[in-house]
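Trainee: I am new to this structure, and I would like a close look at one part of it. Could you pick a single spot and lead me outward from there?

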Amino acid sequence: MERIRDLSSKKAAVIFTKSSCCMCHSIKTLFYELGASPAIHELDKDPEGREMERALRALGSSNPAVPAVFVGGRYIGSAKDIISSHVDGSLKQMLKDAKAIWL
């Protein structure tokens with residue numbers, strides 16, 4: 001859990017992913033299209049990936065645990081939560097407030 005907290009606080013937007021996950025790719029693309037440059041941590045390429053995945057589930061991430069998105073050091077949610085906040089317009093404001101985008 002400590003590593004998740006540490007990594008998620010190092011940049012305004014952080015996405016925990018797996019390299020083979022299509023929803024992870026979609027969420028990363030959405031962030032790039034909104035003008036954000038999130039830190040990406042691919043759990044399947046990290047030696048501590050399985051432990052980090054368990055920690056993300058403990059935070060409330062769904063199954064699968066990725067993508068797991070943090071903005072401003074705060075856990076925002078998984079793909080479903082991110083898509084919902086994008087549709088209602090709150091994602092862009094969250095990214096602005098965290099200084100992840102400068103629009």
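**Starting from Glu53**

Mentor: Gladly! At 11% relative accessibility, Glu53 counts as buried (buried means under 20% relative accessible area, exposed over 50%, and partly exposed in between, with a 1.4 Å probe and protein chains only). Keep in mind that this is a predicted model, where local features need pLDDT of at least 70 and side-chain atom pairs count only at pLDDT 80 or more, while totals for chains, interfaces and linings use all residues. Residues are numbered from 1 along each chain as its sequence is written, and side-chain values use heavy atoms, leaving out hydrogens and water.

Glu53 belongs to helix α3 (helices are DSSP runs of H or I with at least four residues, strands are runs of E with at least two, and both are numbered from the N terminus). Setting aside neighbours within four places in sequence, Glu53 is in contact with Lys18, Leu43 and Ala65 (contact means heavy atoms within 4.5 Å).

Now look at the sheet. Its 4 strands are arranged in the order β2-β1-β3-β4, and this open sheet has mixed pairing (two strands pair if DSSP finds at least two bridges between them). β2 (39–42) and β4 (74–77) are at the edges with a single partner strand each, so one side of each has no neighbour in the sheet. On average, neighbouring strands are turned by 25° against each other, direction ignored. Helix α3, residues 49–59, packs on this sheet and touches β1, β3 (68–71) and β4, and its direction makes about 70° with that of β3 (axes are lines fitted to C-alpha atoms, for helices over the stretch in contact, and angles run from 0 to 180 degrees between N-to-C directions).

Within the sheet, β1 (residues 13–17) and β2 pair in the parallel sense over 4 bridges, and Phe16 stands opposite His41 in β2. By contrast, β3 and β4 pair in the antiparallel sense over 3 bridges, with Val69 opposite Gly77 in β4. β3 and β4 also form a hairpin with 2 residues between them, and Gly72 in the turn has a positive phi of about 60°.

On the way from α3 to β3, the loop holds Pro67. A cis peptide bond joins Val66 to Pro67, with omega about 0°. Most residues other than glycine have a negative phi, and most peptide bonds are trans.

Next come the nonpolar cores. The largest has 17 residues, of which Ile27, Phe31, Val69, Val71, Ile82, Leu91 and Leu95 touch the most other members (a core is a set of buried Ala, Val, Leu, Ile, Met, Phe, Trp, Tyr and Cys residues joined through side-chain atoms within 4.5 Å). At least two residues of this core come from each of β1, α2 (22–33), β3, α4 (79–87) and α5 (90–97). A second, separate core of 15 residues includes Cys21, Leu43, Ala55 and Val66. Notice that Leu43, one of the contacts of Glu53, is among the members of that second core.

Finally, turn to α2. Its buried residues are Cys24, Ile27, Lys28, Leu30 and Phe31. Seen down the axis of α2, these buried residues fall within an arc of 155°, so they line one face of the helix (the arc is that of the directions from the helix axis to the C-beta atoms). They are covered by elements including β1, β2, β3, α4 and α5. The face of α2 turned away from the buried side carries the exposed residues Cys22, His25 and Glu33.
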